[in-house]
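Here's a friendly walk through a structure, told as questions and answers. Have a look at the picture first.

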Amino acid sequence: MIDLAGITKTFGKTDVIREIDLKITKGEIFTLIGPSGSGKTTLLRIIDLLDTPSAGSYRFDGTDTQDPATDLIPLRRRMAMVFQKPAVLNTSVEENVAFGLKFRGVDSKIIGEQVRAALDMVGLYHLAKRRAISLSGGEMQRVAIARAIITKPEILLLDEPTANLDPLSSDTIESVIKKVNRESKTTVILATHDMVQGQRLADRIGVIMNGSLVQTGTGHDIFYRPDTQAIARFVGIDTILSGTVTKNMEGHAYIEVCGRTIEAVTSLPPGTKVNLYLRPEEVSLSLPKTNDHSRSSIRNHLTGRITGIVPFGPFERITVDCGCTITALLTRFSCEDLHLLPGMDVVAEIKASAVHVTAYKP
């Protein structure tokens, strides 16, 4: 449906996005994640034909959108965009949702049926007669989505759809997005700085940083096999180590890191300088006196001292000095069961398959 090649957008002398190549398939949910100001909204506006690129090509369902002979209005009618801050008219909820169909001259009886269907989909039919401006932020966002989907777009673009909403409202919006995609086969392109939301919703994810699309892939690719240190830090990997492969036995490597040896799975040959990435939830902790790994399948057992324990929602984020800093994420119950405290000696346990290894990049 979407085929971008070399897309660049310049404002003044600044490239807001640069040389982006991206293909989005019909019916998928594609999520753009990245820090605020990285260029996500600009890319959405280009896809929605609200802005034109400064360079590059954009084909929508095979049509060259930059050909002077192309009529863009029929293409734009096949798409709908919901912005970060929902704009509602000072009318009833049902009149807000009906606006797009009235603008297109649809028969009033058909409008009534489709308004009800759209409001049912977002769970707001019981508020059809209410003034839209009296609704909560989450309800306004659902009105905006209903107003977008009532025109039956082939592509629905969403810019930070749950920004500044409470968790319950965010969950509701996410359920609506998945329902629209599943029931209407609508292609959804979603931009968010909430990386976990991106992971929950997406078939594929694209990471934008400083205007460049730096990695695309499945949620597993992005969150467990990041290409760079910057991506790793953004998706919540605190432990990023550098080392050198000393031995490799058919893909089972021994890597010298901070004077210790870490076993990992990689095809990189001996002598290769590498980066190692460890997700905190892949690191478990035990006490030295109770640590008997003779029968364990876990290959890495690194003794160290706890340097910090910080609450992280229902978890505790624990930093351990093992000659290099390793971060673990444990449930509060596990921490209490082990009586973990700063200054205690512990053993960090890591499976070889949990260590993501890449050739060294600064």
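This is a predicted model: local features need pLDDT of at least 70, side-chain atom pairs count only at pLDDT 80 or more; totals for chains, interfaces and linings use all residues.

Residues are numbered from 1 along each chain as its sequence is written, and side-chain values use heavy atoms, with hydrogens and water left out.

Q: Where does Glu160 sit, and what is its phi?
A: Glu160 is in the loop between strand S7 (155-159) and helix H6 (167-184). Helices (H or I, at least four residues) and strands (E, at least two) are DSSP runs, numbered from the N terminus. The phi of Glu160 is near 50°, a positive value in a residue other than glycine. Most residues other than glycine have a negative phi.

Q: What makes Lys185 buried or exposed?
A: Its value is 60% relative accessibility, so Lys185 counts as exposed. Lys185 is in the loop between H6 and strand S8 (187-192). Lys185 also has a positive phi, about 60°, though it isn't a glycine.

Q: How do you know whether Thr239 is buried or exposed?
A: Thr239 comes out at 1% relative accessibility, and therefore counts as buried. You'll find Thr239 in strand S11 (residues 239-249).

Q: Which residues is Thr239 in contact with, leaving aside its neighbours within four places in sequence?
A: Contact means heavy atoms within 4.5 Å. Leaving those neighbours aside, Thr239 is in contact with Leu276, Tyr277, Leu278, Thr325, Ile326 and Thr327.

Q: What makes the pair Thr239 and Thr327 a polar contact?
A: A polar contact is a pair of N or O atoms within 3.5 Å; within protein, one must be able to donate a hydrogen and the other to accept it, and residues adjacent in sequence count only if both atoms are side-chain atoms. Here the backbone nitrogen of Thr327 lies 2.9 Å from a polar atom of the Thr239 side chain.

Q: Why is helix H1 called mostly covered?
A: In H1 (residues 40-47), 6 of its 8 residues are buried. They are Lys40, Thr42, Leu43, Leu44, Ile46 and Ile47. After H1 comes Leu49, with a positive phi near 65°.

Q: What do the buried residues of H3 pack against?
A: They pack against helix H4 (108-122) and helix H5 (137-149). Among the buried residues of H3 (residues 93-103) are Val93, Val97 and Leu101. Just after H3, Gly105 takes a positive phi of about 75°.

Q: Which domains does the chain have, and how far apart are their C-alpha centres?
A: The assignment gives domain 1 (2-232) and domain 2 (237-359), with bounds that come from an automatic or database domain assignment. The C-alpha centres of the two domains lie 39 Å apart.

Q: How many residues of domain 1 are in contact with domain 2, and how many salt bridges does the rule find?
A: 8 residues of domain 1 are in contact with 9 residues of domain 2.

Terms used. Buried means under 20% relative accessible area, exposed over 50%, partly exposed in between (1.4 Å probe, protein chains only).
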